[in-house]
Amino acid sequence: RTGIIDFIRTGDSKNLFSASAGLYMRYPKSVSDCLMNFLGTHDTERILTVLGVGVPALSMEEKAHFSMSDSERKKALMLIRLAYIILAFMPGVPCIFYGDEAAVEGLSDPFNRVTFPWGREDKALTEFYREIGKLRRSREILKNGYLSVSEGLPYGVFEFSRFDGKGNCVTVIVNRSDEPYEHKERSENLVADLFGIDEKATELPPMTAGVWER
């Protein structure tokens, strides 16, 4: 969680690389496949708020009335998509704290435990979560594959692959930088529609992600 947040907020992938390549290398695969992976829980601030503004030092009274500005929320809604793609396709089981998929805001307990916004969900974000879930369920390799994390990438780019040892592989690239990233994948980007980009493009635009199967 900390590695993903650091990377998505700043573009620095050092902690994320260390956590993924390091921890998964030390864990038996049977354990890695069962890990409970999350971006937020009842013990943390809401992930949308964390990505938008961090964890501001506020009094309880200030926290009770805090909400992000329109520009902060717009940025957070873009970043949470990148964060969830990493979480969903890493080894382990992606776990969603209710309301995160509906764009609920909130600081520390009890302000992270508001009721679910029935009828007021962010439908675009909810649909994004659904589509990523469908993709994960449709590819056995995303549930049981081994993990390989790439090194030597430009600042703001994180890449990892899930493979099965039989020549099958799914590669995930997240471009958190402000510049397009030219990749080497030649198949169609399976999540291109979710970001409104060309599925056959060889450049990944800033603040987007790609998933390729081969």
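In which sense do strand β5 and β8 pair, and over how many bridges? The model shown here is a predicted one. In this model β5, residues 169-175, pairs with β8 in the antiparallel sense, over 6 bridges. One of the links can be named: Val 170 has Glu 213 of β8 as its bridge partner. Strand β8 is also mostly covered, with 5 of its 6 residues buried.

Strand β8 (208-213) is among the elements that cover the buried residues of helix α7. The others in that cover include α6, β2, α8 (141-144) and α9 (192-195). Helix α7 itself has 16 residues, and from its first C-alpha to its last it reaches 22 Å, close to the 22 Å expected at 1.5 Å a residue. The buried residues in α7 are Leu 125, Thr 126, Phe 128, Tyr 129, Ile 132, Gly 133, Leu 135 and Arg 136. An α-helix has 3.6 residues a turn, so residues three or four places apart point the same way.

Two of the buried residues of α7, Leu 125 and Tyr 129, are touched by Asp 100. Asp 100 sits in the loop between β2 (93-95) and α7 (123-138). Is Asp 100 buried or exposed? Asp 100 counts as buried because its relative accessible area is 4%, and the cut-off for buried is under 20%. Leaving aside residues up to four places away in sequence, Asp 100 also touches Gly 40, Arg 46, Ile 47 and Ile 80.

Rolling a probe the size of a water molecule over the atoms shows where empty space is left. The count comes to 1 cavity of 30 Å³ or more, and the largest cavity holds about 40 Å³ of space.

Next comes the largest pocket, with about 320 Å³ of space. Of the 17 residues that line this pocket, Arg 1, Ala 19, Leu 23, Tyr 24 and Asn 37 are the closest to its centre. Two or more lining residues come from each of α1 (2-10), α2 (14-26), β1 (36-38) and α6 (70-89). Helix α2 gives the most, with 5 residues. By type, the pocket lining has 12 nonpolar residues, 4 polar and 1 charged.

The last topic is the backbone. Most residues other than glycine have a negative phi, and most peptide bonds are trans. Where does this model depart from that pattern? A cis peptide bond, with omega about 15°, joins Asp 109 and Pro 110. Pro 110 lies in the loop between β2 and α7, and Ala 103 has its place in that loop too. Ala 103 has a positive phi of about 70° although it is not a glycine. Met 207, in the loop between β7 (203-204) and β8, also has a positive phi, near 60°. Ala 103 counts as buried because its relative accessible area is 5%, and Met 207 counts as buried because its relative accessibility is 15%.

Terms used: Residues numbered from 1 in each chain as written. Predicted model: local features only at pLDDT ≥ 70, side-chain atom pairs only at ≥ 80, totals over all residues. Heavy atoms only, no water. Helix = DSSP H or I, 4+ residues; strand = E, 2+ residues; numbered from the N terminus. Buried < 20%, exposed > 50% of the residue type's maximum accessible area, 1.4 Å probe, protein only. Contact = heavy atoms within 4.5 Å. 1 Å grid on protein atoms, 1.4 Å probe; cavity = no way out; pocket = protein on both sides within 12 Å on 5 of 7 lines; lining within 4 Å. Points joined across faces, edges and corners; volume = space filled by probe spheres on them. Nonpolar A, V, L, I, M, F, W, Y, C, P; charged D, E, K, R; others polar. Expected span 1.5 Å × (residues − 1). Pairing = 2+ DSSP bridges.
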